[in-house]
Amino acid sequence: MSADDRPAAGARLRLRVTVRCLLAAAVLAAGLAGPAGAEVTSTSTSFTTSDGTVLRGTLTGQAPLVARPTVVEFTPYGVATGTFDPGPDFNNLIVEDRGTGRSGGGFDALGPEAQRDVQETLAWACHQPWSNGSLGLNGFSASAITIYNSLHLELPCVKGAVLKSGTFELYRDLLSPGGLSNLLPGLVVIGGIAGGAAAAAADRDPADTPAALFGDLGAGLNVLSHPNLDDWWKQRGYRGNANHIPILMVDGFYDVESRGAFQAYQALKDDGAHLYVIAGHDQVPKGTDGGKGEMAVWLQHHVRGVDNGVQRHPRVQLFMSKGDRRTFAAGDVQRYDSPDWPVPGTRWTSYALSPARSGTARSLNDGTLSPQAPSGVSTQSYPAAGGGGGPPARATPPPPPRGAPRGGPAPPP
């Protein structure tokens with residue numbers, strides 16, 4: 001992705017980052033090399049859910065596929081779209097969500113049906129001949145959101161998880177931040193999911209194809225028809241934790257979905273969660289691995305039981321830019337470790353919407369923030385789709401602060 005931060009290109013850059021990254025599903029590759037001469041093999045597999053829907057998946061591991069700890073990822077983007085190879089000590093199962101890829105049923109926008117599929121698939125995978133009964137979870141973006149949405153259900157046999165750049169609440173974190181309509185990323189994702197389902201049509205039962213394609217259309221229409229944070233959206237966010245799975249949250253300060261990992265860490269830190277802030281959808285700093293090494297040792301410890309000391313690593317590891325986003329991507333990075341988030345001693349500053357134009361972007365609603373409340377009131381319109389959008393943004397004096405805000409990045413002191 002481009003690292004061009006010129007003000008005139010700011011809006012185009014944000015769109016490119018959103019489009020490319022929300023469709024990101026890196027093709028599963030060899031990743032961590034196995035023993036010399038070891039052969040990696042893959043096979044297709046399937047599981048029938050309690051409502052009769054057939055979910056398709058791909059199992060990968062060192063040949064032969066014997067019982068090993070198995071890392072599972074649920075993806076809506078279709079075949080060969082896993083996002084992390086945990087290495088030769090694990091088998092890796094990539095499951096295509098209902099209504100996506102080769103799977104049957106209709107896509108329900110990561111809602112209750114997808115969440116039940118997660119629970120049932122894990123119960124099935126735990127007792128397969130290629131599983132030793134110890135499961136891990138991996139997720140990036142949509143596949144991480146699926147897990148956050150499912151944590152209120154009992155997830156059998158799962159010993160640890162790594163979740164990268166997933167929203168903790170899809171409505172507030174991505175599609176309606178601050179009450180402002182931001183539906184384009186969601187529509188792009190729906191298009192990508194539908195494209196993956198169409199591409200896999202030849203490998204899917206023809207009877208399932210209408211449900212898959214109309215499910216994608218229905219999901220898109222549902223997003224448009226629920227402009228407020230109603231029960232439909234609440235079913236597509238974190239609803240509690242019935243598990244005590246130690247989770248490593250990986251994200252970046254420049255990520256389009258950064259709020260989710262910070263909120264998730266705060267909600268789940270008592271279960272041993274760690275927060276590793278280096279990169280997500282945003283560009284990995286040059287000279288770093290973007291968190292892959294930490295993810296690998298996390299799974300080795302929690303899923304395989306290896307005593308590698310990862311649980312004693314700093315609970316919060318922050319990789320920050322010494323300048324701007326462009327210098328960060330070039331590798332000019334400063335690391336800061338903390339025992340918690342927010343960083344103890346953080347000083348919170350309130351900002352108000354300002355009626356002044358910032359001049360840093362070419363957009364219809366180019367505005368800025370001010371540490372002082374504006375003396376008057378101004379109104380600024382913005383384009384929106386679905387449910388008539390929201391009210392015009394108003395710059396008014398803010399109310400007195402009532403404590404630190406929930407989640408979201410803030411710089412250390």
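How many aromatic pairs are there in this predicted model? The count comes to 10, and we'll stop at a few of them.

Start by selecting Tyr-254 and Phe-328. Their ring centres sit 5.6 Å apart with the planes at 50°, so this pair is tilted: a stacked pair would need under 30 degrees, and edge-to-face over 60. Now color by secondary structure. Tyr-254 is in the loop between β7 (247–251) and α8 (258–268), while Phe-328 belongs to helix α10 (residues 325–329), so the pair ties together parts that are 74 residues apart in sequence.

Next, pick Phe-262 and Trp-341. This is another tilted aromatic pair, 4.8 Å from centre to centre and with 55° between the planes. Phe-262 lies in helix α8 and Trp-341 in the loop between β10 (333–338) and β11 (352–354), so parts 79 residues apart in sequence are tied together here.

Now select Phe-47, Trp-124 and Trp-130 together. Ring pairs link these three residues into a cluster.

Last, look for charges over rings. Show Arg-236 with Trp-232: the arginine lies over the face of the Trp-232 ring, 4.0 Å from its centre. Then go to Phe-140, where Lys-164 lies over the ring face at 5.5 Å from the centre.

Methods:
Residues are numbered from 1 along each chain as its sequence is written. This is a predicted model: local features need pLDDT of at least 70, side-chain atom pairs count only at pLDDT 80 or more; totals for chains, interfaces and linings use all residues. Side-chain values use heavy atoms; hydrogens and water are left out. Rings of Phe, Tyr and Trp (its six-membered ring) pair if their centres lie within 6.5 Å; planes under 30 degrees apart count as stacked, over 60 as edge-to-face and the rest as tilted. Helices (H or I, at least four residues) and strands (E, at least two) are DSSP runs, numbered from the N terminus. A charge sits over a ring if NZ of Lys or CZ of Arg is within 6 Å of the ring centre and within 35 degrees of the ring normal.
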